[in-house]
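Welcome to my notebook. Here is what I looked up, entry by entry, with the structure alongside.

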Amino acid sequence: MEIESSAGSSFDVWSMPSRGLAWCDCGKGHELTESIVYRAFGEAGYEPSRPLTHEQLVDLIAQVWHYSEVCRFFHLAVEQAATRIHGKVDAYYPLDHSIDIVGLFSKTWQGCPDAACQAEG
């Protein structure tokens, strides 16, 4: 999905380069793709015809990243991605926005700057 940037130009989340942490920790440098996120969406038991709540979106991203717990910095990064894709943090997100929010989060997630969180991960 093409997204309008704050500068007025559009970009495709899935073709933008990753600026964050590697999503896959297998050492082979796998990029997160839309199909992986769609698969995770279904594996989490979410219905494509129903919008995700903000809480479900946070849970989906945590599952994609294999995090059992998330910190405030994670939530802030989800909120930034949601605002960039959806225009605001909302109670519900349609499927296409949910998938792209996961993508933007994953391509920009720098990890938690708090040393205590990094020690737990």
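Entry 1: I began with the lining of the second largest pocket, which by class has six nonpolar, two polar and two charged residues. My classes: Ala, Val, Leu, Ile, Met, Phe, Trp, Tyr, Cys and Pro are nonpolar, Asp, Glu, Lys and Arg are charged, and the others, Gly among them, are polar. I note that this is a predicted model, where local features need pLDDT of at least 70, side-chain atom pairs count only at pLDDT 80 or more, and totals for chains, interfaces and linings use all residues. Residues are numbered from 1 along each chain as its sequence is written, and side-chain values use heavy atoms, with hydrogens and water left out.

I listed the lining: Arg-19, Leu-76, Ala-77, Gln-80, Ala-81, Arg-84, Leu-104, Phe-105, Thr-108 and Trp-109. (A pocket is an open set of points on a 1 Å grid over the protein atoms alone, where a 1.4 Å probe fits, with protein on both sides within 12 Å along at least five of seven lines; lining residues have an atom within 4 Å of a point.) The second largest pocket holds about 160 Å³ of space, a volume being the space filled by probe spheres set on the points.

Which helix gives the most to this lining? Helix 3 does, with five residues. Helix 3 and helix 4 (95–108) each supply at least two. (Helices are DSSP runs of H or I, at least four residues, numbered from the N terminus.)

**Entry 2: helix 3 and helix 4.** I found these two packing at about 125°, their axes 9 Å apart. (Axes are lines fitted to C-alpha atoms over the stretch in contact, and angles run from 0 to 180 degrees between N-to-C directions.) Helix 3 and helix 4 are therefore oblique to each other; oblique is what remains once under 35 degrees is roughly parallel, over 145 roughly antiparallel and 65 to 115 roughly perpendicular. The contact (heavy atoms within 4.5 Å) includes Phe-74, Ala-77 and Val-78 of helix 3 and Ile-101, Leu-104 and Phe-105 of helix 4. By class, I noted nine nonpolar, two polar and two charged residues in this contact.

**Entry 3: helix 2 and helix 3.** Next I looked at helix 2 (residues 54–64) and helix 3 (residues 72–86), whose axes come within 11 Å and cross at roughly 110°. That makes helix 2 roughly perpendicular to helix 3.

**Entry 4: helix 1 and helix 4.** Last, I saw helix 1 (residues 34–43) and helix 4 pack at about 115°, with axes 10 Å apart. Glu-34 and Tyr-38 of helix 1 take part, as do Leu-95 and Asp-100 of helix 4. I noted six nonpolar, no polar and two charged residues there.
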